Amino acid sequence: MSDWPRLDPAEDGPTFALLHLASQMVGKLRLANSTWENHGWNITLRPTASGLATLPSAAPDGRQWSLALDLCRHGIALEVSGGERDLLPFAGTTVSRLHADLVALLDRHGLPSRFDGRPNEIADAPRFADDQEPRDYRPDSAARLHAALQRIVPIFETFRAGFQGKASPVHFFWGSFDLAVTRFSGRPAPAHPGGIPGLPDRITREAYSHEVSSAGFWPGGVTQAPPLFYSYAYPEPDGFRQAPVAPGRFDAAMGEWVLDYAAVRAAADPAAVLSAFLRSSYAAAADLARWDRAALEREPVAP
């Protein structure tokens, strides 16, 4: 029996939707209180022992503070450098109430509380303050997501360590609600066409300013669907869709290679199956686009 947790869109969907929108509020606060880095890497969430957290931001009075989706205590957790701690529970709330309570929590601690109130990358989404749709938060769903991330992150980190060219950290994008790691060839890419709902094209074009091979894990979110791993290249090289990537299948609608989370979980060696997907999909992108793999790659080494 696999020790990878079961993830079920029907059962977990409302919880993941609430977490998706909560992650956007937390991420937007980091965006409003930090200096932009290339590709928005300063605003992504980072996996922690208890969930997903922002990097620390500086308050006007010099204190450092950070917010997290605490999947063990089941709320938005605040940490301040002076030792202050607070928690805003997820259970029994709506996005509208969570938004109001988050602003009030930050105001009580004398921290910046202004941020853009519109969700990103979700078509036709209401503003956070207006979203009163009931969403049942299930601690068990959040705990299983946390357990899945605990198994996936080390595999992504090992994959990341095999690249000595420019590469992202293993981080969590709150716009799309996915864990990702991205490798860069070092060469400029053609301007991205943009068109992502709720995301300015200038942001998308900066994110894809250079050639990439990107892989990730999407558990679902506001859009309920079976969780999956993905891998894509931008720009997509000729022949990428027909490449011998194994395991996995090419999803033409998404324009990505995908591997169902359920298939990985059911495998005799889930880590080996996921690692093979990451390596083979990257190899297809790098070889077809003629990356200088000998200069960019390395063997992961122990500390």
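I began with Glu121, which I found in the loop between α2 (95-108) and α3; helices here are DSSP runs of H or I with at least four residues, strands are E runs of at least two, and both are numbered from the N terminus. Glu121 is not a glycine, yet its phi is positive, about 60°. I noted it as partly exposed, at a relative accessible area of 30%. On this scale buried is under 20%, exposed is over 50% and partly exposed is in between (1.4 Å probe, protein chains only).

A reminder to myself: this is a predicted model, where local features need pLDDT of at least 70 and side-chain atom pairs pLDDT 80 or more, while totals for chains, interfaces and linings use all residues. Residues are numbered from 1 along each chain as its sequence is written, and side-chain values use heavy atoms, leaving out hydrogens and water.

Next I checked Asp124, in the loop between α2 and α3. Asp124 also has a positive phi of about 60° without being a glycine, and it is exposed, with a relative accessible area of 80%. Most residues other than glycine have a negative phi, and most peptide bonds are trans.

Tyr234 and Pro235 are joined by one, with omega about -10°. Another runs from Ala246 to Pro247, with omega near -5°. I placed Pro235 in the loop between β10 (228-234) and β11 (249-251), and Pro247 is in the loop between β10 and β11.
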